[in-house]
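Open the model in your viewer and keep the selection tool ready.

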Amino acid sequence: MEDGDGDEGAAKRTKLSAAAAAAAAGEDRLSALPDDLLVQVLLRIGGTTAAARTSVLSRRWRSLWCLLPELDFVPEADGGSIRAALAAHEPPSLRHLLVAAQDAAPHGMAEWLPVAARRLAGDLLLFNMAPKRDAKDDDDEEGKDGSPFLELPCFGSATKLSLDLGFLPLAVPVSGVFARLTDLSLDSVRFHGPCEFGDAASSRRFPSLKNLNIRNTQGLSNFIIHSDSLLQLDLRSVRGLKQLNVVAPALQVLSVFFCFADTQARSQPVADIAAPQLETLQWEDAFDPSSVEFGEMASLRCLGTYFFLVYGLEDFKNNRDCLRLLKRFRRDAISRLTLTLAFLPKDLCDFEYLMENMTMLPDIVSLNLNVLANGHAIGPSLFHVLRMCTSVRRLKLVTHISLDLEAQAVCSSDCVCDLPPNWKTEELLLKFLHEVEINNLRGTGHEIALVKWLFSWAVVLKDMTINFYHSVPESTAKEMA
């Protein structure tokens, strides 16, 4: 060993001996480290709750956990403690804030939310777990006539807000700019005036907004938004929506699901969509061409429709809306179609076969077909769809069953679902279909027969993927393979 190596080893032994002596004397060198290093230690402990337990070590550690750049609060945390932890941060420095509340009241959230708005530079995830509330509870007058509501403060530096409020009334601020916010998700919210949410979410106050999701809400009767930055808009179960107006020159994806087609008050859909760059339209809702205007959509490639009832009454409104939408885009360059077929009644004998009303489909190359089969044969309806789009190259088939029919996965032997018989006798040649994916296969006789027919129709099939339903035994799946 060289002399230098010997000196270095001796120095290390000296430091270790000194550290051991300090530890024996009760000296706390860890606590002497600067705050930023101790925060890095706490980040590796495993969550805010575990980090907060270090408060018992000494006075030096009592409030260190509040400086964590990422904070998670469990339902047991009260508003005062959350506020105190947030107040320890310099504004804006907090990267992530998660608050899980248990049926919290507006005043409890109002205790800390304005402080969070000033400190947050990243994302906020707020979940108010209130399972007994529902958007359909029209008799709930909370948030009206002076009752409590939660006012959303302006998050000027946050980048993402995801709020699930358990149907607390929410008022959006009448002023302030959410300058850096790119993602906004509102779930289980009752909108409370006076400020219109659409006006608040437009470019003037949300100049960076790219993704907007509004789901399972009430109180948004008129949604009018003008946004130059918006790329994706998802509206699902926005109860009581009467008018939708979207001006979004950069919008690429628009999804509207069960907003106008409320079961209690089926309102006439009134919508005006100006989105010239739109690529994907998922309109699973009521549609009337006399009151819904989509404008020019030269970039549209993917279309999704309302569900179509295979057996039912001739004047079923959902079917009419579905066919209207298909007709509206029959001349557009749609390459992928998402279509949902449903066998809602278990006994089909008293209902008419409605697939013959579907007479045209876009010239697609990819078909996503969702079927709520409820144990019925889907061969006739699939044959009817495929013979209208013989240029299809990719087929994805997903079968579903209602939870109340889970135990009875096969229909009766005298069911009419395998009619009309022409689907087994007429020739169907799918010369371009080379990829098939089937999900939730249960291995019934109807399904096995369908797979065989697909092989006979698709003469150039290269790849077929079958994913079985979770309750199908592995032995059964191997036999079918």
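Select α9 (379-386). With 3 residues, α9 gives the most to the lining of the second largest cavity. Helices are DSSP runs of H or I, at least four residues long, and strands are runs of E, at least two, numbered from the N terminus.

This is a predicted model: local features need pLDDT of at least 70, side-chain atom pairs pLDDT 80 or more, while totals for chains, interfaces and linings use all residues. Residues are numbered from 1 along each chain, and side-chain values use heavy atoms, without hydrogens and water.

Now select the whole lining: Tyr 353, Glu 356, Pro 380, Phe 383, His 384, Arg 387, Pro 420, Asn 422 and Trp 423. Here a cavity is a set of points on a 1 Å grid where a 1.4 Å probe fits but cannot get out, and lining residues have an atom within 4 Å of a point. Besides α9, α10 (422-425) also gives two or more residues. The space inside is about 40 Å³. How many cavities of 30 Å³ or more are there? The count is 3.

**Stop two: a strand**

Go to Trp 283 in strand β13 (residues 280-284). Is Trp 283 buried or exposed? Trp 283 is buried, because its relative accessible area is 0%; buried means under 20%, exposed over 50%, and partly exposed in between (1.4 Å probe, protein chains only).

**Stop three: a loop**

Finish at Val 460, in the loop between α11 (445-457) and β23 (463-468). Val 460 counts as partly exposed, because its relative accessibility is 37%.

Methods: On a 1 Å grid over the protein atoms alone, a cavity is a set of points where a 1.4 Å probe fits but cannot get out, and a pocket is an open set with protein on both sides within 12 Å along at least five of seven lines; lining residues have an atom within 4 Å of a point. Grid points are joined across faces, edges and corners, and a volume is the space filled by probe spheres set on the points.
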